[in-house]
Amino acid sequence: MTARLEGYAAAVLGMAPDTRAVERAAGAAAVEHLIVNHPRLSAAMTDTAVPAAARRALLDDLLQGRVDDEVRRVVRFAAGSVAGPAVPAALAWIAHYAHHVADGQDVVPGPLGHLASRDRVGGFATALCEESVPEQLDEIEDELFRFARTVETAPALRGALTDRDLPAKVRRGVVEDLVVGKVQPATARMVDYAVAAGRPRDLVGTLHWLVEHVADVRGWRVALVASAREMGSQEREQLVASLDRLTGRPVELQVVVEPSLLAGVRVRIGDLQVDATARGRLDLLEDHMAAAGWADRGFGGGRTRLSDAGEAAQGAGRADGSVSGRGAQEPEGES
């Protein structure tokens, strides 16, 4: 079982029982037994030479009309997202998960590492994106970005939602009060699952990662732009055109204004970041000066090289007759 499959199953099969939970559990168990009791089918599923797309298509055709549509979706996803030899184990896990939900047991996502937890949230988002039309995806992306910025810029809210000592149920309740009925249901579910199944300290990063994930589903790339001032329409168009050429895909800007940058913009697309701000250049200059041994003498005092300061101090010591170092002797007392 992979983290992505866990998230996908949570979105499609649910995390709490409903009127069809028992039917889904029976269907998932039937799929597991089908693979186990038919050696030729099992061999085809686990053969590493069989492409993932072929495994998905085979199971999809085989299960059409025989099991619940939600079960077929999760099985199809599993067949394409895990390695061939791991397919039987993935199907067994799906059956166990569906049975767990049908029994009314709480499904509590376990702790995972940084990348795995994002992957789990990504699997959940993938399932919801499959159920959404392009126009909805555009709105979901925008709502996720706005909520990420809200959390990022509100210290009290950020502190509550990223407090790992605060029970997940309480943090999810805070999110419910903020988003349910105010955004699309898919957006609310993604944010809720990011709180429930992500790492608390990485919530803002996970939300921004979800923005990029939804844009990628749409075939777009998201550029997070921090500007020292509001950007005009012509500036936006020029920046978009440059980034389109850079990435080879259409780019959508998500712009925030940060006056502390003084001038220019800072752009991040995935792992690529370009800092063309005055603040960034000043910080870089300061780093270079510090590396070269320059130190600040205080307000109005300018800067001086540390080596020059050391030589001046030594010269001052020689001029007033003082002696420093291990060989220094204390003056003799009076007899």
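The chain folds into 15 helices and six strands, where helices (H or I, at least four residues) and strands (E, at least two) are DSSP runs numbered from the N terminus. This is a predicted model, in which local features need pLDDT of at least 70 and side-chain atom pairs count only at pLDDT 80 or more, while totals for chains, interfaces and linings use all residues. Residues are numbered from 1 along each chain as its sequence is written, and side-chain values use heavy atoms, with hydrogens and water left out.

Of the 335 residues, 37% count as buried, meaning under 20% relative accessible area with a 1.4 Å probe and protein chains only (exposed is over 50%, partly exposed in between). Taking contacts as heavy atoms within 4.5 Å, 69% of those between residues at least 6 apart in sequence join residues at least 24 apart.

Now to the interior. A nonpolar core here is a set of buried Ala, Val, Leu, Ile, Met, Phe, Trp, Tyr and Cys residues joined through side-chain atoms within 4.5 Å. The largest one has 71 residues, and Leu13, Ile94 and Met190 touch the most other members. Helix H6 (residues 87–102) gives the most to this core, with nine residues. Another core lies apart from it, with nine residues that include Val225, Met231, Leu239 and Val267. In soluble globular proteins, nonpolar side chains tend to be buried together.

Leaving aside residues up to four places away in sequence, Met190 touches Phe124, Ala125, Leu128, Cys129, Ile140, Leu144, Leu210 and Val214. Met190 also takes part in a helix pair: Ile140, Glu143, Leu144 and Phe147 in H8 meet Ala186, Thr187, Met190 and Val191 in H11.

Here are two helix pairs side by side. Axes are lines fitted to C-alpha atoms, for helices over the stretch in contact, and angles run from 0 to 180 degrees between N-to-C directions.

| Helix pair | Angle | Axis separation |
|---|---|---|
| H8 (residues 134–153) and H11 (residues 185–197) | about 45 degrees | 9 Å |
| H2 (residues 21–37) and H3 (residues 39–46) | about 100 degrees | 5 Å |

With angles under 35 degrees counted as roughly parallel, over 145 as roughly antiparallel, 65 to 115 as roughly perpendicular and the rest as oblique, H8 is oblique to H11, and H2 is roughly perpendicular to H3.

Leu34, Ile35 and Asn37 of H2 make the contact with Pro39, Leu41, Ser42 and Met45 of H3.
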